[in-house]
Amino acid sequence: MVDRRLLALGAAALAAAVAFLSIGLKGNIAFVLELRLLKLAVLVQVGVAVAVSTVIFQTVTGNRILTPSIMGLDALYLFGQMAMIFLLGGVGYATLDPQVKFGAEILLLMALASALLLPMLKRRLDMGLMLLAGVVLGVLFRSLQSLLARLISPNDFAVAQVMSYANFNAVRTDLLAFAAILTLAGVVAAWRARHVLDVISLGPDAATGLGVNWMATVAGLLLLVSGLIAVSTALVGPMALFGLLVATLAERIVGTRRHGMLLPAAALTGIVTLVGGQTLFQHALGNATALGIVIEFVGGLVFLLLLILGSRA
């Protein structure tokens, strides 16, 4: 039987989607609906991908503050794109097939993320060291990205600038089909691993004692997280604190860390936040401000609150 809280979140997500599609609908209705459906599909994918990847990453690292973006994975993805622009030029980068380019970037991100994060998890660093490592990695990749940005031409820089911030008004619909396949595969894999995630949340010693191959399982989950982060970053740009926001809200709503509840709750919370927020800013506020800015602001407050509560515990 489906929990009533999940049903309520599902109803809220459906209501947000209907409002996004129907409010202010005028003119050539078929054309407008097609555009909105494409944008809605992107927002849903991003909300689900970020939420699921954050829940998995928090389980693997063993704390509720770390997210893939805080650990610098989105900065790593953007650095990889900047490196491609530096090597190929803006014209060469723009003329590459989007699906081929996206697939190569995902594979590169998975390889580098595993090489950077697996040694940290193997040594079982505490939360303070993991946060410090994440900050250092994020600063490193952003600094390298900034260095390459200074070495390319102004025209190439204009190509790179588009991908450097989250923009929900100019989403990448050309990657929609490929990203949908990857997102669906990632969500299915995460759902099938929900019971393993429950065991991993007990810690490496307990999980190993219960028969889980710790390093192999963690490596596979990190690859899954990297793929989902690449999907969300490619579609709308980097969002540092959105995952922390939706994962925290979902946990408060369902009141449990059991992944059979938490994964769908986080995914639905991500959909409600993105689709509902975009509907509000687009139709009620006339795009007076950017949704990404508000999400990062609220996510930052949640991050500070969690740090304060953790320090008092």
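Start at the second largest cavity, which holds about 50 Å³ of space. The model is predicted. To find this cavity, select its lining: Leu76, Tyr77, Gly80, Gln81, Glu105, Leu108, Leu109 and Leu112. Now colour by secondary structure. Helices α3 (73-95) and α4 (98-123) are the elements that each give two or more residues to this lining. Colour by residue class next. Five of the lining residues are nonpolar, two are polar and one is charged.

Move on to the largest cavity. The structure holds two cavities of 30 Å³ or more, and the largest has a volume of about 80 Å³. Its lining counts 13 residues. Select Val50, Ser69, Ile229, Ser232 and Met239, which lie nearest the centre of the largest cavity. Then show α2 (29-61) and α10 (214-236), the elements that give two or more residues to this lining. Helix α10 supplies the largest share, three residues. What is the make-up of the lining of the largest cavity by class? Five residues are nonpolar, seven are polar and one is charged.

Next stop: Thr183. Select helix α7, residues 176-192, and pick Thr183 within it. Is Thr183 buried or exposed? Thr183 is buried, because its relative accessible area is 5%, under the 20% cut-off. Now show its neighbours. Leaving aside residues up to four places away in sequence, Thr183 touches Gln45, Val48, Leu228 and Val231.

Select residues 4-22, a run of 19 residues. From first C-alpha to last, α1 reaches 27 Å, close to the 27 Å expected at 1.5 Å a residue. Look down the helix axis. Show the side chains of Leu6, Leu9, Ala13, Ala16, Ala17, Phe20 and Leu21, the buried residues of α1. An α-helix has 3.6 residues a turn, so residues three or four places apart point the same way.

Turn the helix over. On the other side of α1, Arg4, Leu7 and Leu14 are exposed. Then step past the end of the helix. Gly24 follows α1, and its phi is positive, near 70°.

How values were computed:
Residues are numbered from 1 along each chain as its sequence is written. Side-chain values use heavy atoms; hydrogens and water are left out. On a 1 Å grid over the protein atoms alone, a cavity is a set of points where a 1.4 Å probe fits but cannot get out, and a pocket is an open set with protein on both sides within 12 Å along at least five of seven lines; lining residues have an atom within 4 Å of a point. Grid points are joined across faces, edges and corners, and a volume is the space filled by probe spheres set on the points. Helices (H or I, at least four residues) and strands (E, at least two) are DSSP runs, numbered from the N terminus. Ala, Val, Leu, Ile, Met, Phe, Trp, Tyr, Cys and Pro count as nonpolar, Asp, Glu, Lys and Arg as charged, and the others, Gly among them, as polar. Buried means under 20% relative accessible area, exposed over 50%, partly exposed in between (1.4 Å probe, protein chains only). Contact means heavy atoms within 4.5 Å. The expected span of a helix is 1.5 Å times one less than its number of residues.
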